[in-house]
Amino acid sequence: MTIGISIALILSSGLMVLLVLLHKGKGGGLTDMFGGGFASSFGGSSVVERNLDRLTVITGVVWFVCIIALGLLLKP
(Lines give C-alpha, C1' and ligand atoms only; values in the text may rest on other atoms or scores of the structure.)
Protein backbone atom coordinates (compact mmCIF):
# COMPACT_ATOMS: atom_id res chain seq x y z
CA MET A 1 0.00 0.00 0.00
CA THR A 2 2.77 2.40 0.93
CA ILE A 3 4.68 1.69 -2.27
CA GLY A 4 1.60 2.34 -4.41
CA ILE A 5 0.90 5.66 -2.71
CA SER A 6 4.57 6.62 -3.02
CA ILE A 7 4.50 5.92 -6.75
CA ALA A 8 1.30 7.96 -7.11
CA LEU A 9 2.97 10.79 -5.19
CA ILE A 10 6.02 10.78 -7.45
CA LEU A 11 3.90 10.73 -10.61
CA SER A 12 1.57 13.48 -9.39
CA SER A 13 4.57 15.61 -8.36
CA GLY A 14 6.12 15.35 -11.81
CA LEU A 15 2.80 16.05 -13.50
CA MET A 16 2.23 19.05 -11.23
CA VAL A 17 5.58 20.57 -12.22
CA LEU A 18 4.78 20.05 -15.91
CA LEU A 19 1.29 21.55 -15.61
CA VAL A 20 2.47 24.60 -13.69
CA LEU A 21 5.15 25.27 -16.30
CA LEU A 22 2.56 25.00 -19.10
CA HIS A 23 0.41 27.77 -17.65
CA LYS A 24 0.44 31.06 -19.47
CA GLY A 25 2.76 33.53 -17.82
CA LYS A 26 1.49 36.78 -16.40
CA GLY A 27 4.79 38.57 -16.66
CA GLY A 28 8.20 36.98 -16.60
CA GLY A 29 9.85 34.29 -14.65
CA LEU A 30 10.19 30.59 -15.15
CA THR A 31 7.31 30.27 -17.59
CA ASP A 32 9.07 32.50 -20.12
CA MET A 33 12.42 30.86 -19.46
CA PHE A 34 11.14 27.29 -19.96
CA GLY A 35 9.01 27.45 -23.05
CA GLY A 36 6.88 30.54 -22.63
CA GLY A 37 6.28 30.65 -26.38
CA PHE A 38 5.23 27.02 -26.41
CA ALA A 39 2.68 27.55 -23.65
CA SER A 40 1.35 30.74 -25.18
CA SER A 41 0.67 29.02 -28.51
CA PHE A 42 -1.61 26.56 -26.72
CA GLY A 43 -2.96 29.13 -24.28
CA GLY A 44 -4.82 31.18 -26.87
CA SER A 45 -8.13 29.52 -26.19
CA SER A 46 -9.97 30.09 -22.96
CA VAL A 47 -11.24 26.50 -23.08
CA VAL A 48 -7.69 25.18 -23.09
CA GLU A 49 -6.74 27.43 -20.18
CA ARG A 50 -9.81 26.38 -18.23
CA ASN A 51 -9.09 22.69 -18.80
CA LEU A 52 -5.44 23.20 -17.84
CA ASP A 53 -6.56 24.90 -14.63
CA ARG A 54 -8.93 22.04 -13.82
CA LEU A 55 -6.28 19.42 -14.48
CA THR A 56 -3.81 21.30 -12.30
CA VAL A 57 -6.30 21.51 -9.42
CA ILE A 58 -7.17 17.81 -9.72
CA THR A 59 -3.48 16.89 -9.73
CA GLY A 60 -2.92 19.09 -6.69
CA VAL A 61 -5.75 17.37 -4.81
CA VAL A 62 -4.34 13.93 -5.70
CA TRP A 63 -0.90 15.08 -4.52
CA PHE A 64 -2.36 16.39 -1.24
CA VAL A 65 -4.32 13.17 -0.60
CA CYS A 66 -1.17 11.11 -1.23
CA ILE A 67 0.78 13.22 1.28
CA ILE A 68 -1.93 12.82 3.94
CA ALA A 69 -2.27 9.07 3.28
CA LEU A 70 1.47 8.50 3.54
CA GLY A 71 1.58 10.53 6.73
CA LEU A 72 -1.17 8.43 8.27
CA LEU A 73 0.31 5.12 7.08
CA LEU A 74 3.84 5.88 8.26
CA LYS A 75 2.75 7.28 11.60
CA PRO A 76 4.22 5.09 14.39
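**A walk along helix 4**

Guide: Let's start with isoleucine 67, which sits in helix 4. Keep in mind that this is a predicted model.

Visitor: Why is isoleucine 67 called partly exposed?

Guide: Its relative accessible area is 35%. Buried needs under 20% and exposed needs over 50%, so isoleucine 67, at 35%, falls in between and counts as partly exposed.

Visitor: What makes isoleucine 67 part of a patch on the surface?

Guide: Patch members need over 30% relative accessible area, and Ile is on the list of nonpolar side chains joined within 5 Å. Isoleucine 67 has 35%, so it clears that area cut-off. The patch also takes in Val57, Val61, Trp63, Phe64, Val65, Ile68 and Leu72. Together with Ile67 these residues have about 760 Å² of accessible area.

Visitor: How do you know that cysteine 66 is buried?

Guide: Cysteine 66 is in helix 4 too, and its relative accessibility is 9%. The cut-off for buried is under 20%, so cysteine 66 makes it.

Visitor: What is cysteine 66 in contact with, leaving aside neighbours within four places in sequence?

Guide: Ile5, Ala8 and Leu9. Contact means heavy atoms within 4.5 Å, so each of those three has heavy atoms that close to cysteine 66. As for C-alpha distances, cysteine 66 and isoleucine 7 are 59 residues apart in sequence and 9.5 Å apart in space. Threonine 2 is 64 residues away from cysteine 66 along the chain, with 9.8 Å between their C-alpha atoms.

Visitor: Where is threonine 2, and why is it called partly exposed?

Guide: You'll find threonine 2 in helix 1. Its relative accessible area is 32%, which lies between the 20% and 50% limits, so the label is partly exposed. Beyond four places in sequence, threonine 2 touches Leu70, Leu73 and Leu74.

Visitor: What about threonine 59: buried or exposed?

Guide: Threonine 59, another residue of helix 4, has 6% relative accessibility. That is under 20%, so threonine 59 is buried. Sequence neighbours up to four places away aside, threonine 59 touches Ser12, Leu15, Met16 and Leu19.

Visitor: Which helix do the buried residues of helix 4 pack against?

Guide: Helix 1, residues 2-22. The buried set in helix 4 is Glu49, Leu52, Thr56, Thr59, Gly60, Cys66 and Leu70.

Visitor: What span would you expect for helix 4?

Guide: Helix 4 covers residues 46-73, which is 28 residues. The expectation at 1.5 Å a residue is 40 Å, and the model reaches 40 Å from first C-alpha to last, close to that expectation.

Visitor: What pattern does the protein follow along the sequence?

Guide: It reads α-α-α-α, with four helices and zero strands. Of the contacts between residues at least 6 apart in sequence, 72% join residues at least 24 apart. Buried residues account for 22% of the 76 residues. The protein exposes about 5400 Å², and carbon and sulfur atoms supply 76% of that.

Visitor: Where is confidence lowest?

Guide: In helix 3, residues 36-42, with a mean of 53. Helix 1 has the highest, at 95. Overall, the mean pLDDT is 83, and 72% of residues reach 70 or more.

Key. Residues are numbered from 1 along each chain as its sequence is written. This is a predicted model: local features need pLDDT of at least 70, side-chain atom pairs count only at pLDDT 80 or more; totals for chains, interfaces and linings use all residues. Side-chain values use heavy atoms; hydrogens and water are left out. Helices (H or I, at least four residues) and strands (E, at least two) are DSSP runs, numbered from the N terminus. The expected span of a helix is 1.5 Å times one less than its number of residues. Buried means under 20% relative accessible area, exposed over 50%, partly exposed in between (1.4 Å probe, protein chains only). Patches are made of residues with over 30% relative accessible area and no salt bridge: like charges are joined within 9 Å, nonpolar side chains (Val, Leu, Ile, Met, Phe, Trp, Tyr) within 5 Å. Accessible areas come from the Shrake-Rupley method with a 1.4 Å probe; for residues, only the protein chains shown count as cover. A salt bridge is a side-chain nitrogen of Lys or Arg within 4 Å of a carboxyl oxygen of Asp or Glu. pLDDT is the predictor's confidence in each residue, from 0 to 100.
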